[in-house]
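Subject: Structure handover

Hello,

Here is the structure for you to look over. My notes on it follow below.

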Protein chains: 2
Amino acid sequence: MERLPGFRDFYPEPLPHADTWSADARQFIFDKWRETAKRYNFREYDGPPLEPLELFTTKSGEEIVGQLYNFTDKGERAVSLRPEMTPTLARMVAAHERNYKKPIKWFALPQLFRYERQQKGRLREHFQFNTDIIGESDPAADAELIALLIDTLRAFGLTEQDFVIRLSSRNAWQDFYDSRTPNPDGVAESEVEGEAEGDYQFFQIIDKLERTSPEESEKKLSALGFSLADVNQFIESGQPTAELENILQNLTARGLGSFVKIDYRVIRGLAYYTGVVFEAFDAKGEFRAIAGGGRYDNLVKLISGGKVNLPALGFGMGDVVLLEILKARGLLPKFDANVDVFVLIEDETLRAPSLKLIQELRAAGFAVEYPLTPAKPDKQFKRAQELKAAFTAKVESESYVRIRNLKSRDEIVAGFADAANHLR
Amino acid sequence: MERLPGFRDFYPEPLPHADTWSADARQFIFDKWRETAKRYNFREYDGPPLEPLELFTTKSGEEIVGQLYNFTDKGERAVSLRPEMTPTLARMVAAHERNYKKPIKWFALPQLFRYERQQKGRLREHFQFNTDIIGESDPAADAELIALLIDTLRAFGLTEQDFVIRLSSRNAWQDFYDSRTPNPDGVAESEVEGEAEGDYQFFQIIDKLERTSPEESEKKLSALGFSLADVNQFIESGQPTAELENILQNLTARGLGSFVKIDYRVIRGLAYYTGVVFEAFDAKGEFRAIAGGGRYDNLVKLISGGKVNLPALGFGMGDVVLLEILKARGLLPKFDANVDVFVLIEDETLRAPSLKLIQELRAAGFAVEYPLTPAKPDKQFKRAQELKAAFTAKVESESYVRIRNLKSRDEIVAGFADAANHLR
């Protein structure tokens, strides 16, 4: 029986196949994500992997449904596996925001799902480090979040030779748009609340600039009354807005300025971003984006039906691209069982005191393995070596234990009660 | 907008409501589960939360579908959110068992789902500590797994005054059944492979004994040719079989004998158990079972379509009952932000060197918080106290930092580069 296409099994290492996924590497990544979030005083939360479909269509419009893993449940509810975490976060914050001092700094490690018919062979789930700051409109919050993003990647051993944060701003493009449009308020409102259709279309063209031919872009831009040359000149100027300058100075004060560059080509397709946007890329441009995020000051209000209005920003970092980069850069450690002590049972009449020793060592916090059933001494020792045990321990009588350091090959005979002290 | 009925949001503490769920308590439980599994050299794995429906019906028959969170996906596949982990484990092991030395000792922390129409208000998801040993038929494996169960509960501070492992055996009941049935091989085979219909029905009656009136049980038993008096006498004898005796001696050698008692009323309803079965209960019997498990020697063969045949056993421990008991026994710690240092910024001209200090302390591994925007000194200090920060640190010039221990109230002025050394 096979698992569903697009889903992953996670095995302990060493892996059976090069194309299977490592549960150890996943946990390594999760640990680093949690560790870094904690240093920045971000608190963990989580929501259900299944939500009412409406939560996602409210945010992204009906067109999102084509990419969702959605269905009708047995209670006739339209539901969906979560494709992203932000709507759940907005829902949770809106429900209980008065309980928390602002700014709220939270993170989650959700598994996210999508179902795109056309892209067979692609993954339909991934895990994401999802971090958000809610309730602070000052660019200091943007800087704090980008610093967290940088330090998360550095926690894996990546350096400024390995990655870059491309920093941009919807506001910069909005100013560009407004200053060149005779009557910006005259255009029709789109279905996406708070987003004018004209600038929305314009943002979409900018978003696709890197993947579209200049002729095609020029054609689309001039239909809206813009020119590609003008757009390109703005991008090449790379002149930070006052807001972006503020963020750059903040990051420079932290010693992180060299990780960031202004790049107005980044605008991020999602309609709900409202201000600063950014993406993390590998420096050589060999991989897809490692992470992306920005401000979404209107979303909490939208999700709460107008009841709660809080500025917000966040980023998401998936496990798949990150893992590819760590592999390519040789930054993934070798994982093994991490056995501290392998207890050899060569004399079956000593199995009972051996079990007592095993229990005592485990109670003292050691990871202990032993032969469950009678086995030849050489086979036991080989197993201890395979497991990369740091020590072997062998009960020699009811009172004594022979302990061997498998690296230094030092041996010592210790009293039973004293054994644990020789294993540090 | 509301979350779906039966699903939980997990918030950081302090919680907004007594009836909301704590992300911190969840992580506390997950950490203890992982920690204990590691001491026993169990390795972590995981599979997809969504599986082909067939995986679950193959194991449990079509009648399981009524309890599943199942649906048809956009590719017209019959799929289900996983109601348990064992079929996924059996599938994964069957696919790659040759890569792993036996016995395989694995664990997972899956979120599991069920959809029961009739039980509104009940949770439709929970998390489970799922541990299994695969490839060892000796009772030594059963003892190792039960020891892990006991030590997992002890890791939370629960003692033999708090819980008991009720140990039983399908084999004991099979012997009871066979010895009283004239022609045990003559009965028709049920649809559940490897399970004769007569004994399956008998096991079901035993399983429900505690929840059924004696009259009703007597009626059902005599229909199969048994008497309730005979059954009760067998239960009350509590005489361990040779296999159970072996397990008890093993656990006694570890000093864990007092946590276990023979209790033949435990038989576990699931059809696929084949030998030893057990459940963990709170000693006062106030809560539902904390954990349950046993041997399922035929399942890997069944799931692999006969390709792989490996004996196996496992247990599952859910997060919900465990959390109730830990709360009731006062064994849940208070969770807070665990901030190490709150950096006070009272002079905004020193914000840049303050950001430098914050960055250096975080790089040294400390959890650091600070006011993102200008704030009054007393408000900052109050926030540091609310966050239960261990220290405050205040940049006094480009070269000096004033560090205050909030518990001892000791103050010290340190050089910038030396600040981290005063925070241990």
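In which helix of chain A is A:Ile303 found? A:Ile303 is part of helix H10, residues 299–303. Please keep in mind that this is a predicted model.

A:Ile303 counts as buried, because 24 C-beta neighbours fall inside 10 Å and the cut-off for buried is 20 or more. Setting aside neighbours within four places in sequence, A:Ile303 is in contact with A:Thr58, A:Lys59, A:Pro87, A:Ala90, A:Arg91, A:Ala94 and, from chain B, B:Met1. A:Lys59 lies 244 residues away from A:Ile303 along the chain, yet their C-alpha atoms are 7.1 Å apart.

The chain as a whole

Chain A has 13 helices and 19 strands. An automatic or database assignment divides chain A into domain 1 (10–328) and domain 2 (341–423). The C-alpha centres of these two domains of chain A are 51 Å apart. Along the principal axes, the C-alpha atoms of chain A fill a box of roughly 95 × 55 × 45 Å. The radius of gyration of chain A is 28 Å, whereas a compact globule of 424 residues would have one near 22 Å. Buried residues make up 44% of the 424 in chain A. Among contacts in chain A with a separation of 6 or more, 64% join residues 24 or more positions apart.

A strand residue

A:Asn70 sits in strand E5 (residues 69–72) of chain A. Is A:Asn70 buried or exposed? A:Asn70 is buried, since 23 other C-beta atoms lie within 10 Å. Not counting residues up to four places away in sequence, A:Asn70 touches A:Leu53, A:Val65, A:Ala78, A:Val79 and A:Ser80.

Helix H2 of chain B

Helix H2 of chain B covers residues 53–60, and its buried residues are B:Leu55, B:Phe56, B:Lys59 and B:Ser60. Why do these lie on the same side of H2(B)? They cover an arc of only 100 degrees around the helix axis, which puts them on one side. In general, an α-helix has 3.6 residues a turn, so residues three or four places apart point the same way. The cover over the buried residues of H2(B) includes strand E4 (50–52), strand E6 (78–81), helix H3 (86–96) and helix H10 (299–303), which belong to chain B. Just after H2(B) comes B:Gly61, with a positive phi of about 85 degrees.

The two copies

The contact takes 68 residues from chain A and 68 residues from chain B. On the chain B side, helix H12 (residues 351–363) gives the most, with five residues. By class, that side has 33 nonpolar, 24 charged and 11 polar residues. The copies meet through the same surface, because 100% of the interface residues of chain B are also interface residues in chain A.

Regards

How values were computed:
Residues are numbered from 1 along each chain as its sequence is written. Chains are lettered from A and ligands numbered from 1 in the order in which they are written. This is a predicted model: local features need pLDDT of at least 70, side-chain atom pairs count only at pLDDT 80 or more; totals for chains, interfaces and linings use all residues. Two residues are in contact if their C-beta atoms, placed from the backbone, lie within 7 Å. Helices (H or I, at least four residues) and strands (E, at least two) are DSSP runs, numbered from the N terminus. Ala, Val, Leu, Ile, Met, Phe, Trp, Tyr, Cys and Pro count as nonpolar, Asp, Glu, Lys and Arg as charged, and the others, Gly among them, as polar. The radius of gyration is taken over C-alpha atoms; the globule rule is 2.2 Å times the number of residues to the power 0.38. A residue is buried if 20 or more other C-beta atoms lie within 10 Å of its own, exposed if 12 or fewer, and partly exposed in between; C-beta atoms are placed from the backbone. The arc is that of the directions from the helix axis to the C-beta atoms.
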